[in-house]
Amino acid sequence: MTKLDDVAGTRRATIGRPREFDVDEALERAMVVFWEQGYEGASLTDLTAAMGITRTSMYAAFGNKEELFRKAVQRYFAGPAAYTTQAVNEPTARDVASAFLRGAVEATTTPGRPSGCLAVQGALATAPEDRPVRDFLIGSRDEGCALLQERFRRARDEGDLPATSDPELLARYLMTVGAGIAVQAAGGAGRDELHRVAEAALRSWPPA
């Protein structure tokens, strides 16, 4: 057997060998680290320690830090922050607004989870070379805003909202209140207090 045969055999064994960690669990733990520390603050040492894997395994399974962050954010929006996609299925525009704000409060104040919002706090402080990370988060938030905007456009067309309603303004209004809730939660505001904030915002629904 030649040396090339030995190398090829080693590669085949490595490729066929199952990973020694749960990828979903590791990604969940990485999501929490980014949620707590933001993109810039989360070091590779922090991430791999929380994930229980080596850097080599992290690179092999998830790519570099930026790719891991993108996957973690996608997991965040599919899990803890899925309230936007759920809210647009409510029967009325007011129900949508209520479900969205209620979801924002609960997602940012869940016991045992970091406070605040990964999508809001994740890249507030990043180096200039990390601009793609900020742009990615902006795009992710804009997707949620677009979902709300389309839902409110349909509500207006169906007569559920006044004909003079501005769907884009309504969507941006909710996103702005939701972001404020997240910032307040990160600063220590409690769930009951923030639910009262959400209720106050709904008293002027739809805003003129």
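Q: Why is histidine 195 called buried in this predicted model?
A: In this predicted model, histidine 195 has a relative accessible area of 19%, and buried means a value under 20%, so histidine 195 counts as buried. Histidine 195 is found in helix H11, which runs over residues 191-202, and, when residues up to four places away in sequence are not counted, histidine 195 touches Arg102, Val105 and Glu106.

Q: How do you know that the buried residues of H11 are on the same side?
A: The buried residues of H11 are Leu194, His195, Ala198, Ala201 and Leu202. They cover an arc of only 115 degrees around the axis, and therefore they lie on the same side of H11. An α-helix has 3.6 residues a turn, so residues three or four places apart point the same way.

Q: What do the buried residues of H11 pack against, and which exposed residues are on the face turned away?
A: The buried residues of H11 pack against helix H7 (93-108) and helix H10 (167-186), while the face turned away from the buried side carries the exposed residues Asp192 and Arg196.

Q: How do you know that the length of H10 agrees with its number of residues?
A: H10 has 20 residues, which at 1.5 Å a residue should span 28 Å, and its end C-alpha atoms are 29 Å apart, so the two values agree. For H11, with 12 residues, the reach from first C-alpha to last is 17 Å, close to the 16 Å expected at 1.5 Å a residue.

Q: What makes the buried residues of H10 a group on the same side of the helix, and what covers them?
A: The buried residues of H10 include Pro167, Leu170, Ala171, Leu174 and Met175, and also Val177, Gly178, Ile181, Ala182 and Ala185. They cover an arc of only 165 degrees around the axis, which puts them on the same side of H10. What covers the buried residues of H10 includes H7, H8, H9 and H11.

Q: Why is leucine 170 called buried, and which residues is leucine 170 in contact with?
A: The relative accessible area of leucine 170 is 2%, and since buried means under 20%, leucine 170 is therefore buried. Leaving aside neighbours within four places in sequence, leucine 170 is in contact with Phe152, Leu161, Ser165, Trp205, Pro206 and Pro207. Leucine 170 and alanine 93 are 77 residues apart in sequence, and their C-alpha atoms are 9.8 Å apart in space.

Q: What joins tryptophan 205 and proline 206?
A: These two residues are joined by a cis peptide bond, with omega about -10 degrees, and proline 206 has its place in the segment after H11.

Q: Why is arginine 172 called partly exposed?
A: Arginine 172 has a relative accessible area of 41%, and partly exposed lies between the cut-offs of under 20% for buried and over 50% for exposed, so arginine 172 is partly exposed. Arginine 172, which is also found in helix H10, touches Asp142 and Cys145 when residues up to four places away in sequence are not counted. Arginine 172 and glycine 144 are 28 residues apart in sequence and 9.9 Å apart in space, C-alpha to C-alpha.

Q: How do you know that the buried residues of H4 are on the same side?
A: In helix H4 (residues 55-62), Met58, Ala61 and Phe62 are buried. They cover an arc of only 80 degrees around the axis, which puts them on the same side of H4. On the other side of H4, Thr56 and Ala60 are exposed, whereas the buried residues pack against helix H2 (23-41), helix H3 (44-51) and H5. After H4 comes glycine 63, whose phi is positive, near 90 degrees.

Q: What lines the largest pocket, and how much space lies in it?
A: About 400 Å³ of space lies in the largest pocket. Of the 21 residues that line the largest pocket, Phe77, Thr84, Ser140, Arg141 and Gly144 are the closest to its centre. H9 gives the most to this lining, with six residues, and by class the lining has 12 nonpolar, seven polar and two charged residues.

Q: How many helices and strands are there in the protein?
A: The protein has 11 helices and zero strands, and buried residues make up 41% of its 208 residues.

Terms used. Residues numbered from 1 in each chain as written. Predicted model: local features only at pLDDT ≥ 70, side-chain atom pairs only at ≥ 80, totals over all residues. Heavy atoms only, no water. Helix = DSSP H or I, 4+ residues; strand = E, 2+ residues; numbered from the N terminus. Buried < 20%, exposed > 50% of the residue type's maximum accessible area, 1.4 Å probe, protein only. Contact = heavy atoms within 4.5 Å. Expected span 1.5 Å × (residues − 1). Arc of directions from axis to C-beta. 1 Å grid on protein atoms, 1.4 Å probe; cavity = no way out; pocket = protein on both sides within 12 Å on 5 of 7 lines; lining within 4 Å. Points joined across faces, edges and corners; volume = space filled by probe spheres on them. Nonpolar A, V, L, I, M, F, W, Y, C, P; charged D, E, K, R; others polar.
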